[in-house]
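Reader: I have a two-chain model to study. Can you take me through it, question by question?

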Amino acid sequence: MASALLIDDDRELVETIRSNAAEEGLDLDVATSWDEGLALFQTRAPDLVIADYRLPGSRHGLRLLLAVKQLRPAIRVVLISGEVNPEELAKVEELGIVDRVMSKGSAIETMESLLDEIKDANSKHLQPTDWPQVAQSLVERLKLDQKKVDELDDRMKANVDKKDR
Amino acid sequence: MTRHIYLDTCAWMRFAEGRVGKPDARNRQGRSVVENLITGDSVLATCEVALIEFHDSLGRRVRSTSDRQFDEAWFEDSTKELMSLVAVRRLEVVPVPPKAVENAMALMTIAHRDEGIAFHAWDAVHLIVALAWGVALGRQVEVATCDTDFPRFVEAFPHFKSYVTILMVA
């Protein structure tokens, strides 16, 4: 029903990506809070979720993205963040919680990378479910060490909060 | 404004069961509601899952020994009645969207995990189809059903109300 969902409270970034996606005729839902994003995820069934680590309405970004994966194991999840340090982002990728992590570097690079992701999701949206991929993703998710995820999430959150102070 | 109404399998079963013999109050009411929808000016839709479930349910009624009014003639007349609506394009058979089963599994999961309520496989698929129909039309649609799991689900997850409302036919 929707190809891609972007959840980020950076309204400028959201608006820029939305207008660029619209210009290219790409299907994209946007939300600026976790609750709004979750409602869209459940009702519009996107194949790609792009989410900022820290969102209004969310306490732990990784656990939330993991919740998305628990509902749709094969969904592509991209984590973007301007605050989490690169080492931690690398650990997130290593654990396999999300499919891609992106540090918000230059605005143009970020936007181009996200538009590529959205284009890819649009091109695959009408394809049927790839059940071997769903099954593989489910098995991998079940192998995840929840304790490690929680520890990493807590550490990331503490570091982000420290930067705020 | 014209209403857009998606009818699930149990709505069609009430319609069929309410036609013969001495229908009970629920079937009589269901029949009457669906008849009014058909003769009204709403846009009506169903999907191929409803068609196969309807076909299956009619057969099960005929095989049941408890109620002899549901015989082969009833099976054929009921099939003819529904299919005639499709043939004359009074009833649109909307497509089941790609990944409907995968997405339906997600809805079933949130129902039992987050709210401890039942939302069965084909009910979830019907909801996915209705949602996709509404999105394609760019408007809210009604789901006509007699299954109380639908209103329970939508009440538990009210954000679905932006896309669908539930019309209980019986």
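Reader: What percentage of the 165 residues of chain A count as buried?
Author: This is a predicted model: local features need pLDDT of at least 70, side-chain atom pairs count only at pLDDT 80 or more, and totals for chains, interfaces and linings use all residues. Residues are numbered from 1 along each chain as its sequence is written, while chains are lettered from A and ligands numbered from 1 in the order in which they are written. A residue is buried if 20 or more other C-beta atoms, placed from the backbone, lie within 10 Å of its own, exposed if 12 or fewer, and partly exposed in between. For chain A the buried share is 38%.

Reader: What radius of gyration does chain A have?
Author: The radius is taken over C-alpha atoms, and the globule rule is 2.2 Å times the number of residues to the power 0.38. With 165 residues, a compact globule would come near 15 Å. Chain A agrees with that, at 15 Å.

Reader: In what order do the five strands of the open sheet in chain A lie?
Author: Helices (H or I, at least four residues) and strands (E, at least two) are DSSP runs, numbered from the N terminus. Two strands pair if DSSP finds at least two bridges between them. The pairing here is parallel. Strand 2 (29-31) and strand 5 (100-103) of chain A are the edges, each pairing on one side only. The order is 2-1-3-4-5.

Reader: Which residue is the bridge partner of A51(A) in strand 4 of chain A?
Author: Strand 3 (residues 48-52) and strand 4 (residues 76-81) of chain A run parallel, joined by five bridges. In strand 4 of chain A, A51(A) is partnered by L79(A).

Reader: What angle does helix 5 of chain A make with strand 3 of chain A?
Author: Axes are lines fitted to C-alpha atoms, for helices over the stretch in contact, and angles run from 0 to 180 degrees between N-to-C directions. Contact means that two C-beta atoms, placed from the backbone, lie within 7 Å. Helix 5 (residues 107-124) of chain A packs on the sheet and touches strand 1, strand 3, strand 4 and strand 5 of chain A. Its direction makes an angle with strand 3 of chain A of about 155°.

Reader: How many helices and strands are there in chain B?
Author: From the N terminus on, its elements run β-α-α-β-α-α-β-α-α-β-α-β. That pattern holds seven helices and five strands.

Reader: Which residues of helix 4 of chain B are buried?
Author: Helix 4 of chain B covers residues 72-87. Its buried residues fall within an arc of 55° (taken from the directions from the helix axis to the C-beta atoms), so they line one face of the helix. Their cover includes helix 1 (9-17) and helix 3 (48-63) of chain B. The buried ones are W74(B), S78(B) and L82(B).

Reader: Which residues are exposed on the other side of helix 4 of chain B?
Author: An α-helix has 3.6 residues a turn, so residues three or four places apart point the same way. On that other side, the exposed residues are E72(B), A73(B), E76(B), K80(B), S84(B) and A87(B).

Reader: Which helix of chain B supplies the largest share of the side that touches chain A?
Author: The contact takes 16 residues from chain B and twelve residues from chain A. Helix 5 (100-114) and helix 6 (121-137) of chain B each supply at least two residues of the chain B side. The largest share, six residues, comes from helix 5 of chain B.

Definitions and conventions:
The expected span of a helix is 1.5 Å times one less than its number of residues.
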